[in-house]
Amino acid sequence: MAMAGEIFRRSFPETIDQVRDDSSSSSELHVLAVDDSLVDRKVIERLLKISSCKVTAVESGTRALQYLGLDGERASVGFNGLKVNLIMTDYSMPGMTGYELLKKIKESSVLREIPVVVMSSENILTRIDRCLEEGAEDFLLKPVKLDDVKRLKDFIMKGDGKDGGETRIHKRKRQDDYASLSSPSPFPACDPSSPLMRSSSPSVRSSKRAKLRNKD
Amino acid sequence: MERSQLLRQVAHQRQTLFDEGLLDEQFVQLEELQDRTNPNFVEEIVTTYYQDTSRLILNIEQELERRPLDYGRLDGYMYQFKGSSTSFGAKKVKAECSLFREYCRAGNGEGCMRTFQQLNREYATLKRKLEAYFQLARQARLTETASRPG
């Protein structure tokens with residue numbers, strides 16, 4: 001199997017170079033997009049670039065895990081230099097589904113803080129709930145629109161990665177996450193009518209919890 | 001042809017694609033993603049769409065020759081076809097994909113074959129009309145360059 005880096009360099013030379021230019025200090029989001037459809041990869045790539053994000057687009061969950069350094073076979077290639085701020089994955093993919101990829105990411109102590117968004121062309125409530133239960137940040141119906149991406153980007157930029165865990169705590173299965181939550185500050189009053197991620201700062205988290213609660 | 005006439009024709013041909021139900025709102029979304037930094041985005045997506053779908057058409061053709069028909073595999077291919085068509089905005093083609101999948105689920109081989117023929121017809125029509133439109137649009141862009149001062 002070719003080195004993951006070679007594969008990406010062949011297809012996306014400029015994204016790899018941008019990433020290696022120390023994206024950890026850049027204010028640009030680096031998004032990993034996972035989709036087996038070539039058309040969809042191109043579209044999501046364009047949507048993200050227009051929204052001033054760096055994009056790495058891969059065709060499968062396996063490739064995604066390789067890129068994230070989680071395939072277990074090879075040492076991660078300087079993971080911090082390739083910091084991914086958001087993962088957007090298609091749900092239905094041959095081999096590893098987006099749901100399975102989501103699980104693997106959330107089970108990893110190294111990667112679980114990275115927000116994951118699942119995309120699907122099918123609006124199936126049980127599917128949506130499953131993904132949110134497993135820790136997905138959001139579920140987007142395809143075709144993904146520019147507004148979806150902008151909204152996502154605003155959300156990610158406003159809450160930094162360290163606080164990210166709090167928004168998902170409502171549905172987390174792992175006990176150790178509860179133990180690690182040190183912040184005692186209560187959330188502001190929940191507003192169930194406010195749409196997910198539309199508002200900024202603290203109310204983002206509370207509206208997320210409200211929305212999850214409403215889905216129960 | 002006078003430039004304003006050309007532009008009117010381009011706009012008219014574009015509108016026809018929508019009026020005849022060949023394209024839907026998603027195609028407009030793609031057009032809006034095209035700009036000076038990426039002036040050929042739409043045509044790139046079109047090319048990618050053809051690449052994607054021509055491969056799938058071949059796979060489906062081969063599958064349709066097997067006996068017995070493997071509806072699971074056929075449905076899988078058509079799911080991908082539908083997905084690409086949805087992302088592209090190919091409205092009629094997408095509808096044929098949905099119909100095909102229904103026949104798959106019903107285990108109706110004849111229905112599948114009939115629908116696939118119809119799909120191929122719609123697909124060919126889309127390609128033909130899109131190509132004519134893009135050619136005209138390219139012509140219009142050339143006249144724009146030519147008519148710019150300096």
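Mentor: Happy to. Start with helix 3 of chain A, whose buried residues are Val39(A), Asp40(A), Arg41(A), Val43(A), Ile44(A), Glu45(A), Arg46(A), Leu47(A) and Leu48(A). Buried means under 20% relative accessible area, exposed over 50%, partly exposed in between, with a 1.4 Å probe and protein chains only. Helices (H or I, at least four residues) and strands (E, at least two) are DSSP runs, numbered from the N terminus.

Trainee: Before we go on, what kind of model is this?

Mentor: This is a predicted model, where local features need pLDDT of at least 70 and side-chain atom pairs count only at pLDDT 80 or more, while totals for chains, interfaces and linings use all residues. Residues are numbered from 1 along each chain as its sequence is written, chains are lettered from A and ligands numbered from 1 in the order in which they are written, and side-chain values use heavy atoms, with hydrogens and water left out.

Trainee: Back to that helix. How far apart are the end C-alpha atoms of helix 3 of chain A?

Mentor: They are 18 Å apart, which agrees with the 18 Å that 13 residues (38-50) should span at 1.5 Å a residue. The expected span is 1.5 Å times one less than the number of residues.

Trainee: And which residue caps the N-terminal end?

Mentor: Ser37(A) does, with a side-chain oxygen 3.4 Å from the backbone nitrogen of Val39(A).

Trainee: What follows the helix?

Mentor: Ser52(A) follows helix 3 of chain A. Ser52(A) has a positive phi of about 60 degrees although it is not a glycine, and it sits in the loop between helix 3 and strand 2 (54-58) of chain A. With a relative accessible area of 36%, Ser52(A) is partly exposed.

Trainee: New topic. Which residue does the UniProt annotation "modified residue: 4-aspartylphosphate" cover?

Mentor: According to the unreviewed UniProt entry, that is Asp90(A). UniProt positions are given in the numbering used here, feature names are shortened, and annotations may be inferred rather than shown by experiment. In the model, Asp90(A) lies in strand 3 (residues 86-90) of chain A.

Trainee: Is Asp90(A) buried or exposed?

Mentor: Buried, because its relative accessibility is 4%. Not counting residues up to four places away in sequence, Asp90(A) touches Val34(A), Asp35(A), Asp36(A), Gly98(A), Met119(A), Ser120(A) and Lys142(A). Contact here means heavy atoms within 4.5 Å.

Trainee: Which residues are linked with Asp90(A) in a network of salt bridges?

Mentor: Asp35(A), Asp40(A) and Lys142(A). A salt bridge is a side-chain nitrogen of Lys or Arg within 4 Å of a carboxyl oxygen of Asp or Glu. The side chains of Asp40(A) and Lys142(A) meet at 2.6 Å, N to O. That pair links distant parts of the chain, 102 residues apart: Asp40(A) is in helix 3 of chain A and Lys142(A) in the loop between strand 5 and helix 7 of chain A. Both Asp40(A) and Lys142(A) are buried.

Trainee: How many residues of chain B are in contact with chain A?

Mentor: 20 residues of chain B are in contact with 16 residues of chain A. The area buried between the chains is about 1500 Å², and carbon and sulfur atoms give 59% of that. Buried area is the accessible area (1.4 Å probe) that two parts lose on being put together, summed over both.

Trainee: Which residues in chain B lose the most area to chain A?

Mentor: Leu33(B), Thr48(B) and Tyr79(B), together 34% of what that side buries. Thr48(B) lies in helix 3 of chain B and, leaving aside neighbours within four places in sequence, is in contact with Leu38(A), Val39(A) and Lys42(A). Its side chain also reaches the backbone oxygen of Glu44(B) at 2.8 Å.

Trainee: And how many salt bridges are there between the chains?

Mentor: The count is 1. Asp35(B) forms a salt bridge with Arg46(A), the closest N and O atoms being 3.0 Å apart.

Key
A polar contact is a pair of N or O atoms within 3.5 Å; within protein, one must be able to donate a hydrogen and the other to accept it, and residues adjacent in sequence count only if both atoms are side-chain atoms.
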